[in-house]
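Here is a short report for a reader new to this structure. Look at the model first, then read on.

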Amino acid sequence: METIHLKKNIEPELTFTQWFKNVYEAVKTTMIGMGITFKYVWGRDIVTIEYPEVREELPSNSRSRLFNDAENCISCLQCAVSCPVDCIYIAAVKRATDAPKIKTKDGTPIRLDLKQYTIDTALCMYCGLCTTVCPTECLTHTTDYEFASYTVASMKYDYLAPDIRAWRTRIVKS
Ligand code: SF4
Ligand code: SF4
């Protein structure tokens, strides 16, 4: 009859030297890890802010919320033509010949009456092309970044509407 030998898998007993070595290794590796952590936090400038209690001013050349100061818009359509996603909608009519002559703040004659100036900012990718081509510089990116919205429809801004016109005092410098 064949004899089967069963071997019991018994952990070798931990000697005091081995136990001490394990404790030493644990402390050493923890210190190395903490050393790396402190290297990245100690003496460094704080880069986070307690938003919204603290609000950071964006650089003046930030491409954030678009604003059209419509009183200085000459309805030239250059912004709409340059927009790669076609999210600018403009309607204008020719001013009557006997209407008073008006100009933008940079002296450009306004020959058309702006009837609609809408930007669907849900489509906008903030590329800045529209502001670059605007001859009167009435269309600008502002530094305003607090314009989250609950609906996609409310991201379509009508720049002739009083509520949007009211941004001017809040977001346009000068
Ligand atoms: S920033 Fe770009 S995508 Fe947005 S409206 Fe202007 S041209 Fe169009
Ligand atoms: S480019 Fe400027 S002036 Fe011309 S339609 Fe657009 S916002 Fe108005």
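## Ligand surroundings

A residue is near a molecule or strand if its C-beta atom, placed from the backbone, lies within 6 Å of it. Ligand 1 has 14 residues around it. Nearest are Cys-83, Cys-124, Cys-127, Leu-129 and Cys-130.

Residue classes come next. Ala, Val, Leu, Ile, Met, Phe, Trp, Tyr, Cys and Pro count as nonpolar, Asp, Glu, Lys and Arg as charged, and the others, Gly among them, as polar. The shell around ligand 1 has twelve nonpolar, two polar and no charged residues.

## Model and numbering

This is a predicted model: local features need pLDDT of at least 70, side-chain atom pairs count only at pLDDT 80 or more, and totals for chains, interfaces and linings use all residues. Residues are numbered from 1 along each chain as its sequence is written, while chains are lettered from A and ligands numbered from 1 in the order in which they are written.

## Overall layout

The protein chain has five helices and five strands. Both are DSSP runs, numbered from the N terminus: helices are H or I with at least four residues, strands are E with at least two. From the N terminus on, the order is α-β-α-β-β-α-β-β-α-α.

The domain assignment, which is automatic or from a database, gives domain 1 (16–47) and domain 2 (66–171). Their C-alpha centres lie 58 Å apart. The C-alpha atoms of the chain fill a box of roughly 120 × 55 × 25 Å along the principal axes. The radius of gyration, taken over C-alpha atoms, is 33 Å for the protein chain. A compact globule of 174 residues would have a value near 16 Å, by the rule of 2.2 Å times the number of residues to the power 0.38.

## Burial and core

A residue is buried if 20 or more other C-beta atoms lie within 10 Å of its own, exposed if 12 or fewer, and partly exposed in between; C-beta atoms are placed from the backbone. Buried residues make up 10% of the 174 residues in the protein chain.

A nonpolar core is a set of buried Ala, Val, Leu, Ile, Met, Phe, Trp, Tyr and Cys residues joined through C-beta atoms within 7 Å. The largest one has 13 residues. Leu-66, Cys-79, Ile-88, Tyr-117, Ile-119, Cys-130 and Leu-139 have the most contacts inside it. Strands β1 (66–68), β2 (88–94) and β3 (112–120) each supply at least two residues of this core.

## Backbone exceptions

Most residues other than glycine have a negative phi, and most peptide bonds are trans. The bond from Tyr-51 to Pro-52 is cis, with omega near 10°. Pro-52 sits in the loop between α1 (16–41) and β1.

Asp-86 has a positive phi, near 50°. It lies in the loop between α2 (78–82) and β2. Asp-86 is exposed, because 10 other C-beta atoms lie within 10 Å. Tyr-126 has a positive phi of about 55°. Its place is the loop between β3 and α3 (129–133). Tyr-126 has 14 C-beta neighbours inside 10 Å, so it counts as partly exposed.
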